[in-house]
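Let's take a quick tour of this model, starting with a pair of helices and moving on to charged pairs. Have a look at it first.

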Amino acid sequence: MTKKQLALEVIERLKKEYPDAGCTLDYDQAWKLLVSVRLAAQCTDARVNVVVEDLYGKYPSVDALAEAEVDDIEEIVRPCGLGKSKARDISACMKILRDEYGGNVPKDFDALLKLPGVGRKSANLIMGDVFGEPAIVTDTHCIRLTNRIGLVDKIKEPKKVEMALWKIIPPKEGSDFCHRLVFHGRDVCTARTKPYCDKCCLADICKKVGI
Ligand code: SF4
């Protein structure tokens, strides 16, 4: 089986296993996903979802958050860790959205990358989830699982994993595929315990590299 064939089979099986898998960060407007994804660095999505309720309760718009004191933002987002740098990035980011994009999130990968605190992973998440564009989100689950399954070969650097996956994942499948890897990584192909290969829907096709 080629890597492309393996990828297609994995995509189909994970679709059956997790038909409704989507982004686990709660948001109803694009700029909120931008904020949440910054807060999610080294923090769980569940905690971010709680913290942003306080943040948006006090600052319910791009303008309000752009006007907020960085110290006030830090006070609220501190439970997510790295409060100082996250607050600084969120403030700077909201100011740019307000001043350069009319309060909107740009539908442009390179423009997203230029925003403070936005890396390739976040820019891909926005392109896929907000705009429905092709996207490969190489988070920790994606990197671990694609290596174990044998879709990539001993690549740990996120950008290199992303580039390798672009070659074998149909573009329209990328975003949902990555969300499903998160679910599978949490439930079955776990990081902190031995993966549960005996109950995995990919067991007969997975290369189980490093297991
Ligand atoms: S077979 Fe094991 S290593 Fe492979 S994806 Fe499933 S749980 Fe992970």
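## Two helices in touch

In helix 5, V70, I73, E74 and V77 meet G83, K84, A87, R88 and S91 of helix 6 (contact means heavy atoms within 4.5 Å). Sorted by type, the residues of this contact are 4 nonpolar, 2 polar and 3 charged.

## What you're looking at

This is a predicted model, where local features need pLDDT of at least 70 and side-chain atom pairs count only at pLDDT 80 or more, while totals for chains, interfaces and linings use all residues. Residues are numbered from 1 along each chain as its sequence is written, and side-chain values use heavy atoms, with hydrogens and water left out.

## Charged pairs

How many salt bridges does a search of the whole structure find? There are 16, each one a side-chain nitrogen of Lys or Arg within 4 Å of a carboxyl oxygen of Asp or Glu.

One of them joins D45 and R186, at 3.6 Å from N to O. D45 sits in helix 3 (residues 45-58) and R186 in helix 11 (residues 174-187), so the pair ties together parts 141 residues apart in sequence. D45 is buried, with 17% relative accessibility, and R186 is partly exposed at 41% (buried means under 20% relative accessible area, exposed over 50%, partly exposed in between, with a 1.4 Å probe and protein chains only).

E74 is buried at 13%, whereas R78 is partly exposed at 44%.

Terms used. Helices (H or I, at least four residues) and strands (E, at least two) are DSSP runs, numbered from the N terminus. Ala, Val, Leu, Ile, Met, Phe, Trp, Tyr, Cys and Pro count as nonpolar, Asp, Glu, Lys and Arg as charged, and the others, Gly among them, as polar.
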